Amino acid sequence: MAFIENQGTKIYWDEQGQGAPVLLIMGLGYASCMWHRTRPLLSQHFRTLAFDNRGVGLSDVPPGPYSIATMASDAAAVLDAACVSDAHVFGVSMGGMIAQEFALQYPARTRSLILGCTSGGGLSAVRAESKVLDVLMARGMTLEQAREAILPYIYDAATPRERIEEDVSLRRPWFPSEEGYMAQLRGILAWEAYSRIALITASTLVIHGKSDALIPPINGEMIARRIPGARLVLLEHASHIFLTDQTQAAHQEILEFLLSQGGREADPPTGRS
């Protein structure tokens with residue numbers, strides 16, 4: 001296990017594979033173990049770095065809220081700990097928000113950008129229906145009840161229940177506390193980058209499921225139009241957790257994009273342990 005301290009908070013991170021570095025940033029309330037479908041593939045070609053956002057997994061749960069900018073600085077601290085100067089950055093959902101902020105705050109450290117099932121935040125973002133937001137914010141229910149109630153809105157209707165259960169079973173030991181979950185959620189609600197993302201210079205892939213009810217796909221379309229030269233991929237029969245709904249199709253797009261960025265080139269030796 002490896003940890004780095006950032007702004008007084010201990011952040012868990014680990015690495016798998018060799019080659020050019022790819023930084024993986026997970027979404028609201030999800031520990032880094034939820035890269036379980038994608039990381040094995042990427043690790044065949046790249047040095048993958050993943051971490052638990054503050055408030056979840058093995059990372060500390062400091063008092064909130066956690067701003068998206070603070071979580072982007074956690075990501076930069078992970079690169080420092082790994083002795084990596086710059087990386088391809090791949091974030092999903094809240095992780096895609098952190099990735100946008102990272103690219104804005106650390107442009108020289110961003111080799112390329114993959115933004116999955118995310119939005120640019122603020123008033124420009126197209127929100128989910130009120131019934132979905134009620135579940136997301138656990139209004140009138142416990143967090144445990146909300147975790148079950150959200151499933152129809154984050155998985156495509158055609159996805160077999162057994163695949164969903166694989167994800168749920170993997171997540172269960174790492175469900176966040178109410179404090180950690182709400183601290184992350186408040187950071188999301190306070191964040192806005194749509195007015196700034198036209199400044200992103202990194203080559204960008206935007207990928208979104210067409211049936212995403214949590215972050216409607218029009219948000220991906222808006223981001224792709226806003227970031228110069230961004231490529232948009234909309235996946236059929238895929239919702240918010242598109243890496244489970246359409247694993248093969250998503251992996252093909254992601255891997256082709258990363259390899260097109262000169263992804264086979266490895267960093268020089270760093271002297272890291």
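A nonpolar core is a set of buried Ala, Val, Leu, Ile, Met, Phe, Trp, Tyr and Cys residues joined through side-chain atoms within 4.5 Å. Buried means under 20% relative accessible area, exposed over 50% and partly exposed in between, with a 1.4 Å probe and protein chains only.

A quick word on the model: it is predicted, so local features need pLDDT of at least 70 and side-chain atom pairs pLDDT 80 or more, while totals for chains, interfaces and linings use all residues. Numbering starts from 1 along each chain as its sequence is written, and side-chain values use heavy atoms, leaving out hydrogens and water.

**Exercise 1.** Find the residues with the most contacts inside the largest nonpolar core, then look around Leu23.

*Solution.* 
- Start with the core: it has 86 residues, and Leu23, Phe242 and Ile254 have the most contacts inside it.
- Now take Leu23, skipping neighbours within four places in sequence. Contact means heavy atoms within 4.5 Å.
- Among the residues that Leu23 touches are Leu49, Phe51, Val78 and Phe90.

**Exercise 2.** Classify the ring pair of Phe3 and Tyr12.

*Solution.* 
- Rings of Phe, Tyr and Trp (its six-membered ring) pair if their centres lie within 6.5 Å; planes under 30 degrees apart are stacked, over 60 edge-to-face and the rest tilted.
- That rule gives three aromatic pairs.
- In one of them, Phe3 and Tyr12 have ring centres 5.5 Å apart and planes at 65°, so call it edge-to-face.
- Check accessibility too: Phe3 is partly exposed at 34%, but Tyr12 is buried at 11%.
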